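Work through the exercises below with the sequence and the 3D structure in view. Each task is followed by a solution in steps.

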Amino acid sequence: MRRKFFTTSILVFGFLICIAAVIADLNGTWTGTLTVPDGQQYPLNYNFKIQGETLTGTASSQRGSIDFTNGHVNGDSVSFAIAVNGEDAINKGKYYSDGDSISLTIYYKEMIMHSTLKRTAK
């Protein structure tokens, strides 16, 4: 019985360390380009701050910065909203540590758009 408990404890502890490492790796500045359905391209500049399972941060552009709302982190999945012209643009993504990238899907009005974010060099 003790052996099972010990083995289970070690596995759970290892899993938590891996999750913490993924969450810690998301902190920082990420950039990418969003191509909208009409072909126009917009630069994406995000600054992520992770506290537990809560994601906060800002999206910045030439017009200024906007804070994220409803930000969440669950393992390697992220989600947050950004107010654009009075409507929320819902961002959902998955972090890929091996490529240091985030595959992002953005839902805005009736459009679904995709982008890849890369970490900005420190």
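**Exercise 1: an aromatic pair**

F48 is buried, and F80 is buried as well, where buried means under 20% relative accessible area, exposed over 50% and partly exposed in between (1.4 Å probe, protein chains only). The model is predicted: local features need pLDDT of at least 70, side-chain atom pairs count only at pLDDT 80 or more, and totals for chains, interfaces and linings use all residues. Residues are numbered from 1 along each chain as its sequence is written, and side-chain values use heavy atoms, with hydrogens and water left out.

Task: Classify the pair formed by the rings of F48 and F80.

Solution.
1. Rings of Phe, Tyr and Trp (its six-membered ring) pair if their centres lie within 6.5 Å; planes under 30 degrees apart count as stacked, over 60 as edge-to-face and the rest as tilted.
2. The ring centres of F48 and F80 are 5.6 Å apart and the planes stand at 70°, so this pair is edge-to-face.
3. F48 belongs to strand β2 and F80 to strand β6, 32 residues apart; strands (E, at least two residues) are DSSP runs, numbered from the N terminus.

**Exercise 2: a salt bridge**

Task: Find which side chain meets D76 in a salt bridge.

Solution.
1. A salt bridge needs a side-chain nitrogen of Lys or Arg within 4 Å of a carboxyl oxygen of Asp or Glu.
2. K94 is the partner, at 2.9 Å, N to O.
3. D76 sits in the loop between β5 (69–74) and β6 (77–84), and K94 in strand β7 (residues 87–96).
4. D76 is partly exposed at 28%, and K94 is partly exposed at 33%.

Methods:
Helices (H or I, at least four residues) and strands (E, at least two) are DSSP runs, numbered from the N terminus.
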